[in-house]
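Please consult the sequence and the structure shown below while reading.

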Amino acid sequence: MDYFCVVSCACDTVLRIMRKVADFIVRFRWLMIVSFIAATALSAYRLPNAEIDPEIKSMLPADMVERLDLNRIEDLFGGTEMVMLVISAEDVLATDTLKRLRKISRRMGRLKQVDRVLSLFTLKDIRSQDDTLVVDPAIKRIPTNDESRERLRAELKTNEVVYGNVVSKDFRATAVIGMLNAKAKDDETMAGLKQLIADVPGPEQVEITGMPHLRHHLAHTIPKEFGMLMSVGLALMLLFLFACFRQIRGMLLPFVVVVMSIAFGMGLIPLLGWNIQMITILVPIILIAVANDYGIHVLARFQEENQPGDQRSSKELARAVVRHLVYPVLVTGLTTIAGLLCLLSHIIIPARQVGILAASAVAFALVGSLVFIPAWLAVLKKPKPVVGVTNRGGRIRPLERMLHAVASLVAHRPRGLLVSAVVIAAVTASGMYFLVVDTDPMAEHPYDSPIRRVARLVDKSFGGSAALSMVAHGDIKDPAVLKRIDAVEKRLAALPDVGQTSSVAKLVRQMNRVLDDESPEPNKIPDTRQAVAQYFLLYSMAGDPEDFDRVVDFNYENSLITARLNTLSSNAINRVMEFARAEKAAAPEGFFPVVGGFIGILGRMSEAIVNGQIASLLLSLVLVSLLVMMLFRSFVAGILAVIPIGMALALLFGLMGYTGIPLNITTAMLSSIMIGVGIDYTIHFLWRYREERRKGKQPPEAVRVTLTTTGRGIVFNALSVIIGFAALFLSYFLALQWFGFLVVVTIGACLVGALGLLPALCLVLRPRFLEPRN
């Protein structure tokens, strides 16, 4: 209790100070206006310096084990990323198609970003001729007739290096894979590939895929999405504000504060040395939806105070509005900021950045609503009263009629409403059983988009484009080491989620099969180190020694096992990573020093999303509950305020489970945002309800007055959030569309909770902190 007494005294002190601040704002109104405009201009000036970063691995901290492992793999074996040119035709072994394919393969090898090319003309066919190892390209000569073409087809089917790896098993598609060096830049790589395709024309369809292509696409799509979504959101907000207030000032003042907060928040990105990523697009949308909430309450109260016959001047009205709303608006703003800052509990860097940017901009909008808007209201001429704001104006608008009906329902059937809410929450919460986590970067794109279509073709025909990497350490020429590598690779290849595997052990087995074909078991690793060393020597003489660069280091101390996954779903990644970690644990100490690669990055992101979701959710609930306890100086107040939020959370996660919307980087941020925004509605209701009870009104009448006055601002507030986020329905990215849909549903649930569930709880429980003082 001593703690709450201290908090109470501090709050009273703050309230007295803010009353003086209200007088200061009205007195020095022009100074306030010019100061905010100058701060906005300074922030907007930095915004053009912001850069876009579509890199997935940069979403995790640089010192995280998975990123360090990926860097080590690249140091040992060069870049681990690949880009693919997928050529589709009726028969890729047609003479003209193969001629074009050969040109493409040669031209790709000349690109400075490409270290090595894997195609039908570069991958090898290992065979024996006169007891001598012969290493030729899989296609040494282009067939000119049907007989030679069918003979080639039969040879390719027996070559496990190319069959199902760079040529589909129906021979309707083939891939030219470029292994990129670690310094390759996406823009330069894509420009070179597009020019290559243009320089080697033909009737076959040629498409680009791979993570560099995906990043390049994101880098060019994000700015377009940013401009389009912000324009649509601002336009919708203007129309909504005018419909709400039916006054130019009611439309423009909250709108201007939103624009200023967007400029301030986004201007922090280059100032802090950050980059724009896909989910950064959410920052302006969050601000369009949330940053005008405080201005809406200020304007709604101003219109409520400005009744017909009121003789106060615009300055006096502005002063009265600030004095009356500064406390609840300030606390609701702090709860929103607290909810957003809870995103800092995420380990994923863009989520944390969104939390900081949005919280900073909301703070700017909060101060602007309490300073900039009242300053303008004091400057402008006093407007005519708006008819229909209360029933004292004569006729009542539809919104007020609806609020009267809700008040009547709550007053007559509070227990029935509570029972109905519990039943609905229990039914929807059962959907959480079906909730899935998914970090598949391809899932961000529409199912019928070219990116998804080509990715499905690669997964089906070539074993996938993203790989798990396992580094084996030891004497690579030792047969025991090679046999362990071979055994692990075979077990990896048997997994249903793995499309293709490669290792130095597979090459050694192939050489043994063709050179020791008289052995009862030729397809195996030789038993002596001397035989292994001889095979490597023979290959270097007959073939290209650089073929080993991607699978073994120069000193033959480290070897790379690669397993390409035919799906990037989080469940598949987790299964493969769990298998790889089990193999590492079963091997001798230090045999597999590095397990992961790009798949390891995605797997770690999946784990980070779950942990971040749990941490941010619990932290948000605790923080907003504490703030409400401080505001009302009651422990019960904090518990009561989060009950409607809990119902909305049950709806959120249950709905995600039933509809199949995955928990990903974007949707994982929703709960913290929803808690920070949704708690505002409960605070405004409880604050006004307590005022009416202390004026002597009975609980049903206090509910009616609260819903038909403050309820109007709460409805406007919730609708502004819903309309702001509704712009996301037009996004190209599926994750943003899902986010918009979930916001509309859950904020609607928070609104229903604040206007229906919370009043019913007040009537049934009659909490002491809301009762009149003695």
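## Basis of the description

In the residue classes used here, Ala, Val, Leu, Ile, Met, Phe, Trp, Tyr, Cys and Pro count as nonpolar, Asp, Glu, Lys and Arg as charged, and the others, Gly among them, as polar. The model is predicted.

## The largest cavity

Three cavities of 30 Å³ or more are present in the structure.

Sorted by class, the lining of the largest cavity contains 17 nonpolar, 11 polar and eight charged residues.

## The second largest cavity

The volume of the second largest cavity is about 290 Å³. Among the 27 residues that line this cavity, Ile 56, Met 59, Pro 441, Glu 444 and Ile 665 are the closest to its centre. By class, the lining of the second largest cavity divides into 17 nonpolar, five polar and five charged residues.

At least two lining residues of the second largest cavity come from each of H7, helix H20 (598-632) and helix H25 (734-765). Helix H7 supplies the largest share, five residues.

## Two loop residues

Asn 159 is located in the loop between helix H5 (146-157) and strand S5. Is this residue buried or exposed? Asn 159 is buried, because its relative accessible area is 6% and buried means under 20%. When neighbours within four places in sequence are left aside, Asn 159 is in contact with Lys 124, Asp 125, Ala 138 and Gln 510.

Leu 495 belongs to the loop between helix H16 (479-493) and strand S8. Residues up to four places away in sequence not being counted, Leu 495 touches Val 576 and Phe 579. Leu 495 and Ala 467 are 28 residues apart along the chain, and their C-alpha atoms are separated by 13 Å.

Methods: Residues numbered from 1 in each chain as written. Predicted model: local features only at pLDDT ≥ 70, side-chain atom pairs only at ≥ 80, totals over all residues. Heavy atoms only, no water. 1 Å grid on protein atoms, 1.4 Å probe; cavity = no way out; pocket = protein on both sides within 12 Å on 5 of 7 lines; lining within 4 Å. Points joined across faces, edges and corners; volume = space filled by probe spheres on them. Helix = DSSP H or I, 4+ residues; strand = E, 2+ residues; numbered from the N terminus. Contact = heavy atoms within 4.5 Å. Buried < 20%, exposed > 50% of the residue type's maximum accessible area, 1.4 Å probe, protein only.
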